[in-house]
Amino acid sequence: MDFEHSQRTQQLLERLVAFQQREVSPREEPYMRELLSREDPWVVLPAIEELKAIAKQEGLWNLFLPDEQRGAGLSNVEYAPLAERMGRSLITAEACNCNAPDTGNMEVLWHFGSAEQKQRWLEPLLDGRIRSAFCMTEPEVASSDATNMQATAVLDGDEVVLNGSKWWSTGVGHPNCQALIFMGLSTDRRSIPDPGHTAGSPIGQQADRYHQHSMVLVPMETPGVKVERMLHAMGFLDAPGGHGEVSFTDVRLPASAIIGGAGQAFAIAQARLGPGRIHHCMRLVGLAELALEMACRRASERTAFGKPLANLGGNRERIADARIAIDRARLHVLHAAWLVDQKAPEAIGAVSQIKVATPNMTQAVVDMAIQLHGGGGLSNDFPLAGAWTAARALRLADGPDEVHRGVVARLELAHYGKGKWSG
Ligand SMILES: Cc1cc2nc3c(=O)[nH]c(=O)nc-3n(C[C@H](O)[C@H](O)[C@H](O)COP(=O)(O)OP(=O)(O)OC[C@H]3O[C@@H](n4cnc5c(N)ncnc54)[C@H](O)[C@@H]3O)c2cc1C
């Protein structure tokens with residue numbers, strides 16, 4: 001394993017850092033202040049479009065996409081330091097068209113989309129003209145087990161009909177959100193004389209429970225699609241993208257709106273969530289770096305009881321522990337990224353490991369930084385309360401900690417099954 005930055009990464013990183021210092025930093029604080037104070041925060045403020053135009057011009061665009069033509073063509077290991085750097089800021093990822101959930105949705109279309117889907121949806125997404133959301137989680141069922149899903153995507157003649165309710169659909173509040181990827185249980189009302197397949201039965205009745213769901217591309221303005229409300233995540237609206245509850249009532253679309261074929265949703269979801277999870281972890285390392293930097297500045301510049309805060313109580317140890325935790329997490333994330341790049345079987349367990357370790361690490365580091373900021377740390381004068389909430393949320397989003405621990409434990413225990421113990 002060699003984690004030295006490649007030449008491409010090094011060049012892009014230098015440009016990205018310069019872009020952040022020159023263009024993003026002066027705009028970021030006023031942008032957040034305005035957004036948080038607005039009565040209607042579901043808007044694209046000019047700063048974002050200005051930054052997108054500059055990032056595009058400077059070749060800092062679609063860095064996440066491992067496609068030489070449409071993206072930067074970087075491996076996961078090469079992308080990691082860039083994503084980390086973006087994670088230090090609240091708006092750089094969006095400025096560079098590298099923000100969730102659009103990156104995951106673009107990867108789905110890039111890998112599995114038909115030519116028509118690519119032209120209609122992938123191109124404008126890659127160009128940053130539209131935004132998207134991913135609708136899997138449902139209010140009525142424990143969605144960490146996706147086989148619980150109740151929403152349906154029923155094949156009817158040449159059409160697919162969607163019904164159900166989704167929530168935590170990140171991004172649906174964005175004024176430019178035009179495409180939703182909906183996941184539902186597929187049944188087939190067509191009377192196709194297909195041995196082993198009964199009309200009105202789940203797709204491929206013999207199929208196991210991981211091959212009965214479909215992903216469908218839904219234009220936001222389709223009749224029957226309704227954003228019922230926007231949710232607060234621990235008091236934050238996360239505007240302008242936000243997280244919404246969306247109802248789908250007899251939403252009819254041509255069957256060609258299904259991505260990758262009926263019954264393929266689980267396979268696609270696995271492919272989508274893998275890179276998405278690593279990208280989140282890369283950005284979280286950057287967020288922890290920002291929190292530690294802020295903690296160190298505050299602890300050095302402010303005094304109490306005649307000493308800098310850093311020299312009081314156990315604060316030096318806390319700062320040291322944060323540095324150790326961040327550096328460990330970075331290596332852990334890079335190792336997982338490297339395993340994914342190698343297409344190694346261990347990659348599955350490694351991604352679950354970092355999906356547990358990184359948000360917990362970031363949450364703890366940000367918490368330490370909040371404490372060193374005193375009351376100010378909880379206010380919106382600093383980005384720390386939002387950062388803590390983001391880290392906390394990622395212990396649920398993309399699957400809760402417990403589910404990922406379950407994967408790690410299953411893989412670990414597999415070595416000790418009956419007949420495998422030879423010691
Ligand atoms: C900020 C945010 C953004 C999100 N964005 C999206 C999005 O864009 N699209 C989308 O579809 N979803 C999104 N989600 C939803 C997220 O993926 C789900 O909340 C998550 O998968 C858990 O599902 P659930 O909420 O139904 O919890 P449940 O399934 O009800 O689980 C509740 C709890 O039960 C426990 N539990 C569950 N399984 C196990 C287990 N195997 N072992 C031990 N304990 C267990 C855990 O403590 C878990 O937290 C988002 C969530 C948040 C908070």
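Visitor: Which residue forms a salt bridge with Glu-49?

Guide: A salt bridge is a side-chain nitrogen of Lys or Arg within 4 Å of a carboxyl oxygen of Asp or Glu. Here Glu-49 pairs with Lys-52, and their closest N and O atoms are 3.2 Å apart. Keep in mind that this is a predicted model, where local features need pLDDT of at least 70, side-chain atom pairs count only at pLDDT 80 or more, and totals for chains, interfaces and linings use all residues. Residues are numbered from 1 along each chain as its sequence is written, and side-chain values use heavy atoms, with hydrogens and water left out.

Visitor: Where do Glu-49 and Lys-52 lie?

Guide: Helices are DSSP runs (H or I, at least four residues), numbered from the N terminus. Both residues sit in helix α2 (residues 46-57), three residues apart, about one turn of the helix.

Visitor: Is Lys-52 buried or exposed?

Guide: Buried means under 20% relative accessible area, exposed over 50%, partly exposed in between (1.4 Å probe, protein chains only). Lys-52 is buried at 7%, while Glu-49 is partly exposed at 35%.

Visitor: What does Glu-84 form with Arg-330?

Guide: Another salt bridge, with the closest N and O atoms 2.9 Å apart. That pair links distant parts of the chain: Glu-84 is in helix α3 (residues 76-87) and Arg-330 in helix α8 (residues 315-341), 246 residues apart. Glu-84 is buried at 15%; Arg-330 is partly exposed at 21%. Arg-330 also meets Asp-327 in a salt bridge, 3.0 Å from N to O, and those two lie three residues apart in helix α8.

Visitor: How many salt bridges are there in the whole structure?

Guide: A search finds 27.
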